[in-house]
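I opened this entry to keep track of what I looked up, going from the whole chain down to single strand pairings.

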Amino acid sequence: MMSKMLAVGVATTFLTYAGTVVAGESAAEASTVCREGAISAPFNHSIPTAHRAGQAVTVHTTLHDKTGTTFKGVFFDYSIAVPANHNHWGPAPTVSWRWGSGSWHHLALTRNNASPDHEWYSQDQTLGTLKAHKSKALQFKIAFHKGDPTGTYDGVALIGARTTCGQTLLAVAGGLEPAYRP
């Protein structure tokens, strides 16, 4: 049978170890960087417009690590909603993404049947590492289908860093809004 003193020592050691974050920082250090705003993702103020079905337009944001910590396991999920006052449940726009100057990746979208905005959303997509005080572009290439509603589509990306911060939201990249005006 384990003595009470040994049990307390083991528990203290376990709790100290459990408080250490995967990235090697203490829980106190991680709590200061693992917060919304640790990564800036300015709203994009341009609205690229597709004038025909199948024409791809690109929207982008630049992720900037505002801390002295390198974020590992950076990920995003993206959602895009049809223009206001449209009740459209046709196919999702065709969306691809890329991180920095890397290759383009197809982004699978799922319809959110409960959404009053008639939106589609992606699962988390892993980007990789964002080094301390550095910036990197996140781009989305979007193409529409014949018969899609005309107007501006509301696009938003939520950014986190799973390895460093778990599921904590670190940034919201809004204004990723393409328009379709055939």
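I note here that the model is predicted.

I then checked burial and found that 41% of the 182 residues of the protein chain count as buried.

Next I looked at contacts in the protein chain with a separation of 6 or more. Residues 24 or more positions apart account for 78% of them.

I turned to strand 3, which covers residues 56-65. Which residues make up its covered face? I listed Val 57, Val 59, Thr 61, Leu 63 and Asp 65. The uncovered face of strand 3 holds Ala 56, Thr 58, His 60, Thr 62 and His 64.

I followed the pairing of strand 3 with two partners. With strand 10 (residues 135-143) the sense is antiparallel, over 9 bridges, and Ala 56 has Ala 143 of strand 10 as its bridge partner. With strand 1 (residues 39-40) strand 3 also pairs in the antiparallel sense, over 2 bridges; there I found Ser 40 opposite His 64.

Last, I traced an open sheet of 3 strands in the order 2-14-11, with mixed pairing. Its edge strands are strand 2 (49-50) and strand 11 (151-152), each pairing on one side only. Strand 2 and strand 14 (residues 179-180) run parallel and are joined by 2 bridges. In that pair I noted Ala 50 opposite Tyr 180 of strand 14.

Technical notes
Residues are numbered from 1 along each chain as its sequence is written. This is a predicted model: local features need pLDDT of at least 70, side-chain atom pairs count only at pLDDT 80 or more; totals for chains, interfaces and linings use all residues. Side-chain values use heavy atoms; hydrogens and water are left out. Buried means under 20% relative accessible area, exposed over 50%, partly exposed in between (1.4 Å probe, protein chains only). Contact means heavy atoms within 4.5 Å. Helices (H or I, at least four residues) and strands (E, at least two) are DSSP runs, numbered from the N terminus. Two strands pair if DSSP finds at least two bridges between them.
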